[in-house]
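The following note was prepared for a colleague who asked for a reading of the structure shown below.

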Amino acid sequence: MPPASRPALLARLRSDLGSSLFTVARLSGAGAWGASGGAALFRGERVAARRALASRTPASEAERRSDTLALLFVLGYPQPAADVAAALPELGLAGATELGLVAEDDDRQVRALVDLRPYSFTDSAGEANWWIASDLGELALQGPLREDHVLGIGGASATLSSLMIPRPVDRALDLGTGCGIQALHAARHARHVVATDISQRALDFAAFNAELNLVDGIEFRLGSLFEPVAGETFDHIVSNPPFVITPRTEGVPAYEYRDGGMVGDALVARVVAEAGRHLTPGGVGQFLGNWETGQGAKRGAYSVADWAEQGGVPLDVWVVERETQDPAAYAETWIRDGGTRPGTPDFERLYGAWLDDFDERGVSEIGFGYITLRRPQELHAAAPPRIERLLAPVAAGLAPHILECLAAQDALRDLPDDALAAATLRVAGDVTEERHYWPGNDDPTVITLKQGGGFARSVDSGTALSALVGACDGDLSVGAIVGALAQLLDAPEADLRAELLPQVRELVATGMLRL
Ligand SMILES: C[S@@+](CC[C@H](N)C(=O)[O-])C[C@H]1O[C@@H](n2cnc3c(N)ncnc32)[C@H](O)[C@@H]1O
């Protein structure tokens, strides 16, 4: 059961957690399970973390309490009742039981009924430390998950929250809120947040987490997709939807937290198609998703633009594809994610069902990535779709970069070529250039412009573009630089301008050149 929401008990729990050193820094640091234990946990193994905790003597009572809470709520090991009572001195065992966090067994051992862990981050509003409750994961359960499992903060959740643009807005929507993590983040820049889910259990967890962390302004609504917000519009919509492609076959578990119950990538298609109607002019939607490449209309990341068009509301579409998998690799990832171990008869059976499903639809590849939709301001037409395949590792915290790119793309929308030629640009501070030469040659065979931050883009360049970028120091206009280059390279100026301006536009749109 999700934990109960009782304000007085939650206040005591908050106070206990706050005084216990049950923090991300403590758990991942050398005093607790350290980097190696943390890495093992990331791989789904808890033994190394437990041993590391057992081998260290806590330096204070607050550390001792943190260790008990970590063993109980993060690793899922039952703890002696006296230790749990000492770890939660204000709430007490009775309060923790009443909140539905723990149950005491006959042998005076207490087991966790929920996962509860610290979570910290830094965003444009500053640093924050929260505690987030969700259902116990496979690690604590030591077995497959329930189909109505409420997910904690996974890799995808952290990805979406780090992409979320911190633009102050009036209304935001988090569709498929789960434990509420995106809604809590959105509440840092939106006056009012609506958080929806098809699962009442999820909404109960989310409400508990909002209250525990004193995050106000979130309204929770039960229902599927956009049904709970029919006729309403939002300035910002975020969703880490249940995008996992699952065979609709008897005997294949359908986990609510990742599977929206539709065939193939149809759920992501619905979210994208319907989002436009729920965005205010200028409003932005940010989603994660999977898309299929294969026969017929299965155009991989390009399908996202088709789905948006089907919605009938003009939208700027920007897709960043971050990963692709073939059907076999995809099946393995998601069967393991549900807690079914390789080498078991169940694993083989599910693997077959997944491959049959992809074969039936002629799917050859599954893409994963980030979708940004923006409803243009009234009277503006949508920009051509931007579909980028960017597989390089990136640093966390892309939100400022996304915001910068959206602003640049907006500025370019109404900027004719003559105005772009008249503009003076600056090359961004994180842009460097790589040159490769055949041995003994003076002229490079390959020139690449590299983006150090953002999506770490690599852009094939020629001598002229490279020289133009190098000259963009905010002094000469683009047109003047092109004129000088035409003379230097002995090339017709009009031809050079026609070749370079679209490339300059692209570099501005991606934050490598600044207007
Ligand atoms: C991948 S989880 C994301 C949870 C959370 N927002 C996060 O980022 O960690 C997807 C959520 O969507 C919910 N869900 C599944 N089908 C849905 C539907 N048809 N409409 C709305 N939410 C749905 C699930 O219950 C689950 O909580």
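Predicted model: local features only at pLDDT ≥ 70, side-chain atom pairs only at ≥ 80, totals over all residues.

1. Three strands make up an open sheet with antiparallel pairing, and their order is S1-S3-S2. Strand S1 (79-80) and strand S2 (102-104) are the edge strands, and each of them pairs on one side only. Helix H5 (residues 61-74) packs on this sheet and touches S1, S2 and S3. The direction of helix H5 makes about 60 degrees with that of S3.

2. Pairing of S2 with S3. Strand S3 (residues 109-112) is joined to S2 by three bridges, and the two strands run antiparallel. Among the residues concerned, Val 102 has Ala 112 in S3 as its bridge partner.

3. The hairpin of S4 and S5. Nine bridges connect strand S4 (residues 115-123) with strand S5 (residues 126-134) in the antiparallel sense. The two strands form a hairpin, with two residues between them. Within this pairing, Trp 131 in S5 is the residue that stands opposite Pro 118.

4. The sheet of S15, S16 and S17. A further open sheet consists of three strands in the order S15-S16-S17, again with antiparallel pairing. Which strands stand at its edges? They are strand S15 (431-436) and strand S17 (458-461); each has a single partner strand, so one side of each lacks a neighbour in the sheet. From one strand to the next, the twist averages 25 degrees.

5. Pairing and packing in that sheet. Strand S16 (residues 446-451) pairs with S17 over four bridges in the antiparallel sense. Ile 447 has Ser 461 in S17 as its bridge partner. Helix H18 (residues 463-471) lies across S15, S16 and S17, and runs at about 35 degrees to S16.

6. In the side chain of Gln 182, an N or O atom lies 2.8 Å from an oxygen atom of the ligand. For the side chain of Asn 240, the corresponding separation between an N or O atom and a ligand oxygen is 3.0 Å.

7. The setting of Asn 240. This residue belongs to the loop between strand S9 (234-239) and helix H12 (266-275). Is Asn 240 buried or exposed? Asn 240 counts as buried because its relative accessibility is 16%, under the 20% limit that applies to buried residues. When neighbours within four places in sequence are set aside, Asn 240 is in contact with Ala 156, Ser 157, Leu 160, Leu 175, Gly 176 and Leu 288.

8. Cysteines. How many disulfides are there? The count is zero, a disulfide being a pair of cysteine sulfur atoms within 2.5 Å. For Cys 405, the closest cysteine sulfur is that of Cys 472, at 17 Å, which is too far for a bond. Cys 405 counts as buried, with 0% relative accessibility. Cys 179 likewise counts as buried, at 2% relative accessibility.

9. Val 394. The loop between strand S13 (386-389) and helix H16 (399-413) contains Val 394. With a relative accessible area of 26%, Val 394 is partly exposed. The C-alpha atoms of Val 394 and Gly 454 are separated by 7.0 Å, although the two residues are 60 residues apart along the chain. Neighbours within four places in sequence aside, Val 394 is in contact with Arg 322, Gly 454, Phe 455 and Ala 456.

10. Gly 343. This glycine is located in the loop between helix H14 (327-337) and helix H15 (345-360). Its relative accessibility of 78% makes Gly 343 count as exposed. Gly 343 and Gly 282 are 61 residues apart along the chain, and their C-alpha atoms are separated by 51 Å. This pair may be set beside Val 394 and Gly 454, whose C-alpha atoms are separated by 7.0 Å at 60 residues along the chain.

Methods:
Residues numbered from 1 in each chain as written. Heavy atoms only, no water. Buried < 20%, exposed > 50% of the residue type's maximum accessible area, 1.4 Å probe, protein only. Pairing = 2+ DSSP bridges. Contact = heavy atoms within 4.5 Å. Axes fitted to C-alpha atoms, helices over the stretch in contact; angles between N-to-C directions. Polar contact = N/O pair within 3.5 Å; in protein donor to acceptor, adjacent residues only side chain to side chain.
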